[in-house]
Amino acid sequence: MTQTTPLPADADRRAAERAERLASDEHAVDMLAVARVAQGVDVAAFNTPAAVKLVAPAKVNLFLDIGAKRPDGYHDAISIMHALMLHDVLRMKLEPGRGEGLSVELSCIAREGLVPLDVPVERNIVTKAVRLLAAAVGRTGDETLAVCVEKHIPAEAGLGGGSSDAAAALLGAAHLWGVPADDPRIEEAARSLGADVAFFLHGGCACFTGVGDVFAHNLQPMNTNVVLVKPEGGVSTAAAYRAFDEHPTAIPAADRDAALAARQASDVPLCNNLVPVSEQLLPALVDIRTWASERSDVERVLMSGSGSAVFMQCPTFADAGRVAAEARMRGWWARATTFGSTRAAVVPNR
C-alpha cells in the first residue's frame, strides 16, 4: 500500500518503533530487508562511514512553454520547475578497482509499487553522470564506484526521476572524490546530461530558459499539498516532441509574461503546451484530467513535463490523501506529497 510522506520527526519515530518491534520479537520479519534481498540489493553494505547517502527529489513543471525547434535539434523552452518532497535515495561508496580504470557498479531497489527499470548499467544516466564528472575532474585511477538507487519516483512520468538521480550522483561522486559541491564543473556536467538535471542542483522553485537548462531566477517555493497520478504506460519524450513539431500549440503571451514576472511559485499560471500531444499519445491522461477537474477537493490540475504524471493541488493533506486513495482504486499509480524547497543533496547516512 502506498504511503504518504511523513514529517521527518514522524518518520524517525516510526523507524524507531519498527526497530524496537524487530528487536523484541524473535519471530518478527523485517519486510523492508526481505524486499531488498529479493531484489538482490544489500543496503547494509552502504551503512559505513565511508559511504555517502543522498536524496534526489521529484519535480513538476508549473509552467512549460516549448518553442520552435532550433537548427541544433533542440527546442527553445521556458520551464518553471518546483521540487517535491517525494524523492529517490542514492547510496554511494568507493571500492577497490578491477584493473580497468573507473568501474561503476549500479543496483536498484524499486519501491512504491514501481517496476525496476531494465536498463544496462552503462546506459543508465547515473553511470553517465559519474563518468562525465570523472572525466571533467581528471579522475583516472583504478577504482569501483558502487551506487544503490532506491526508486520512489516513477519513470516516463515527467517527474524528473532520472535527472534528479543524475544530479545526486554528481554530488555523491564529488563528495567521495573530495571535489567541492560548488565546483562549477558539477553544474557544467549537469547541463550536458539533460535539461532538467541542473535544476536539481538548485531545487526549490526556479525558472530556466535556453532549452530549459539555463538558470534564470529563483521563485519563493510553496509548501502546499499535491497529488501525483500516473496511468499505466508512459509518454516517450522524443515521441511527444515529434508530435509537437507536427502540431505545435502556442501559450498565450499574457500567460508567458505572467510566468516570467512571477517571483512566488503560487503566482505562476499553470500552463504546459505539451498537454495536447501527450494526451493524444496516451488518452488515459484525458481521463485523469477530467476526473480531477470535476472534484471539489482539487484546486488546480496539470500534466508535468511530457507526462505521463498529472499533478493536482489540494487544499489540505487530508484531501490529498483521499484523492490519491481514490485514484489508486481506479487502477492508477498515485502518491500524496507536498511541494518543498528540497534539492539533490547529501544527507546523514543512517
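Predicted model: local features only at pLDDT ≥ 70, side-chain atom pairs only at ≥ 80, totals over all residues.

**The whole chain**

The chain contains eleven helices and twelve strands. Of its 350 residues, 49% are buried. Among contacts with a separation of 6 or more, 78% join residues 24 or more positions apart.

**Helices α3 and α4**

Select residues 125-137, which form helix α3, together with residues 161-177, which form helix α4. How do these helices lie relative to each other? Their axes come within 8 Å and cross at roughly 40°, and α3 and α4 are therefore oblique to each other. The crossing of α3 past α4 is right-handed. Now show the side chains at this contact: α3 contributes Ile125, Val126, Ala129, Val130, Leu133, Ala134 and Val137. The residues from α4 are Gly162, Asp165, Ala166, Ala169, Leu170, Ala173, Ala174 and Trp177. Coloured by class, the contact of α3 with α4 shows 13 nonpolar residues, one polar and one charged.

**Helices α3 and α5**

On the α3 side, the contact is made by Ile125, Lys128, Ala129, Leu132, Leu133, Ala136 and Val137. On the α5 side, select Arg185, Ile186, Ala189, Ser192 and Leu193. This contact of α3 with α5 comprises nine nonpolar residues, one polar and two charged.

**Helices α4 and α5**

The axes of α4 and α5 come within 10 Å and cross at roughly 150°, which makes α4 roughly antiparallel to α5. The crossing of α4 past α5 is right-handed. Their contact is formed by Ala166, Leu170, Leu171 and Ala174 of α4 with Ile186, Ala189, Ala190 and Leu193 of α5. Which classes of residue occur in the contact of α4 with α5? The contact has eight nonpolar residues, no polar residues and no charged residues.

**The cysteines**

Select the cysteines and display their sulfur atoms. How many disulfides are there? The count comes to zero disulfides. For cysteine 148, the closest cysteine sulfur belongs to cysteine 108 and lies 7.5 Å away, too far for a bond, since a disulfide requires the two sulfurs to be within 2.5 Å. Cysteine 148 is buried, with a relative accessible area of 0%.

Cysteine 207 is likewise in no disulfide: the nearest cysteine sulfur, in cysteine 205, is 8.7 Å away. Cysteine 207 also counts as buried, at 0% relative accessibility. Its place is in strand β5, residues 205-209. Select isoleucine 78 as well; although 129 residues separate it from cysteine 207 along the chain, the C-alpha atoms are 7.2 Å apart. Apart from neighbours within four places in sequence, cysteine 207 is in contact with Ile78, Ser79, Ile80, Val214, Phe215, Ala216, His217, Leu219 and Leu260.

**Backbone details in the loops**

The final stops concern backbone geometry. Most residues other than glycine have a negative phi, and most peptide bonds are trans.

Select glutamate 112, in the loop between β3 (102-110) and α3. Although not a glycine, glutamate 112 has a positive phi of about 60°. Is glutamate 112 buried or exposed? Its relative accessible area is 15%, so glutamate 112 is buried.

Move to glutamate 156, in the loop between β4 (143-151) and α4. Phi of glutamate 156 is also positive, near 50°. Glutamate 156 is partly exposed, with a relative accessible area of 49%.

Finally, centre the view on serine 308, in the loop between β9 (300-303) and β10 (310-314). Display the backbone atoms of serine 308 and glycine 307: the peptide bond that joins them is cis, with omega about 20°.

Conventions
Residues numbered from 1 in each chain as written. Heavy atoms only, no water. Buried < 20%, exposed > 50% of the residue type's maximum accessible area, 1.4 Å probe, protein only. Axes fitted to C-alpha atoms, helices over the stretch in contact; angles between N-to-C directions. Helix = DSSP H or I, 4+ residues; strand = E, 2+ residues; numbered from the N terminus. Contact = heavy atoms within 4.5 Å. Nonpolar A, V, L, I, M, F, W, Y, C, P; charged D, E, K, R; others polar. Parallel < 35°, antiparallel > 145°, perpendicular 65-115°, else oblique. Left-handed = near helix turned anticlockwise from the far one by under 90°.
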